[in-house]
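This report is meant for someone opening the structure for the first time. Please have the sequence and the model at hand while reading.

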Amino acid sequence: VSLSTYQFNEAVDVITQFTKNKAKVVASELCARFGKTIWAGAVAKELGDDLVIVASYVKTVFTSFGNDISSFEQFKNYKNINCDDKDYQEKIKSALKEGYKVFAYLSLANGTNRQKRIDFLTGLKVSKMLIVDEADFGAKCEKQAVPLIEKLDLIDHTLLMTGTDMDEAISKWQEHVDYVHSVTYIELLNQKRESKEVLENA
C-alpha cells in the first residue's frame, strides 16, 4: 500500500508527536475520502507496538480495518483478532508468542464481557497502541470512554479518530489529549489539485 501526500504528511506529523514530543494521546479529525483506516494502520505499523487495540462502538469499523490489514504486504506480520470470539485470549497470546503483532478489535457496546476484555488487553505485558475509531459516535459517552481512560497508563500510544465532530469526540478526553490535528475536505481537494499540476508540469 502507498499513502497519498496528505496521508503521508499527517502520518509523519502524528508519529513525530508520539515519538519525539512524547505525546500519549493524539486526536485526529479526518474528513471523508481521507482514507483514515489505512492511514491509522500505517501509523500503527511505524510506531511498532506489538498490540493494536481498535476500539469502536461502530462494529463496521472492524471490517474496514480487517480488510485493509489483510490486503497489503506491509501487514503480513499482523494477525486480526476479534474480541467477540470466545477464544480471543488464546488467539492473541498464541499470535504474540509466535512473533506476530496483533490488531485486536474491541466493541465498546455495553455488555457483560466488555470490562473483562479491556482488562485483558491492557494487562498484557507488551507494547500497546489504542485506536478509538468513530470517537464522536457512541465512544464519546461516559460509559464507553471512562473505562479506556482509566487504562491510559498501561497504553503506550492512543489515537482518537473522528470524521466529523472533534469537540464531541474528545469531550471526555480533554485533559488527556496532548495534540489535535485535522484535515478538511477543502484541504484534501487543494492538495490533489496541486499534485495534479505538479505532475502535468513535470
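## Basis

This is a predicted model, in which local features need pLDDT of at least 70 and side-chain atom pairs count only at pLDDT 80 or more, while totals for chains, interfaces and linings use all residues. Residues are numbered from 1 along each chain as its sequence is written, and side-chain values use heavy atoms, with hydrogens and water left out.

## Nonpolar cores

The largest nonpolar core has 33 residues. A nonpolar core here is a set of buried Ala, Val, Leu, Ile, Met, Phe, Trp, Tyr and Cys residues joined through side-chain atoms within 4.5 Å; buried means under 20% relative accessible area, exposed over 50%, and partly exposed in between, with a 1.4 Å probe and protein chains only. Ile92, Leu121, Leu148, Leu160 and Trp173 have the most contacts inside this core. Two or more residues each come from β1 (25–30), β2 (51–56), α4, β4, α5, β5 (128–132), α6 (142–149) and α7 (166–169). Such helices (H or I, at least four residues) and strands (E, at least two) are DSSP runs, numbered from the N terminus.

Another core, of 32 residues, lies apart from the largest one, and Ala23, Val43, Val61 and Phe75 are among its members.

Which residues of helix α4 are buried? In this helix, residues 88–97, they are Tyr88, Ile92 and Ala95. Seen down the axis of α4, these buried residues fall within an arc of 70 degrees, so they line one face of the helix; the arc is that of the directions from the helix axis to the C-beta atoms. The buried residues of α4 pack against β3 (78–82), β4 (101–107) and α5 (114–123). Gly99, with a positive phi near 95 degrees, follows α4.

In α6, the buried residues are Gln144, Ala145, Pro147, Leu148 and Ile149. Their cover includes β2, β4, α5 and β5. Leaving aside neighbours within four places in sequence, Leu148 is in contact (heavy atoms within 4.5 Å) with Ala55, Leu106, Leu108, Ile118, Leu130, Val132 and Trp173.

## Cavity and pocket

Rolling a probe the size of a water molecule over the atoms shows where empty space is left. On a 1 Å grid over the protein atoms alone, a cavity is a set of points where a 1.4 Å probe fits but cannot get out, and a pocket is an open set with protein on both sides within 12 Å along at least five of seven lines; lining residues have an atom within 4 Å of a point. Grid points are joined across faces, edges and corners, and a volume is the space filled by probe spheres set on the points. The structure holds 1 cavity of 30 Å³ or more. The largest cavity contains about 40 Å³ of space and is lined by Ile53, Leu106, Ile118, Thr122, Leu130, Leu148 and Ile155. Of these lining residues, 6 are nonpolar, 1 is polar and none is charged. Ala, Val, Leu, Ile, Met, Phe, Trp, Tyr, Cys and Pro count as nonpolar, Asp, Glu, Lys and Arg as charged, and the others, Gly among them, as polar.

The largest pocket has a volume of about 200 Å³. Its lining is made of 13 residues, with Leu3, Phe8, Ala42, Val43 and Glu46 nearest its centre. The elements giving two or more residues to this lining are α1 (5–19) and α2 (36–47). By type, the lining has 9 nonpolar, 2 polar and 2 charged residues.

## Single residues

Ala42 is found in helix α2 and is buried, with a relative accessible area of 17%. Ala42 and Phe8 are 34 residues apart along the chain, and their C-alpha atoms are separated by 9.1 Å.

Leaving aside its neighbours within four places in sequence, Arg114 is in contact with Ser107, Leu108, Ala109, Lys143, Gln144 and Pro147.

## Positive phi in loops

Lys22 lies in the loop between α1 and β1. Its phi is positive, about 60 degrees, although Lys22 is not a glycine. Lys22 counts as exposed, at 64% relative accessibility.

Arg33 is found in the loop between β1 and α2. The phi of Arg33, a residue other than glycine, is positive and near 75 degrees. Arg33 is exposed, with a relative accessible area of 69%.
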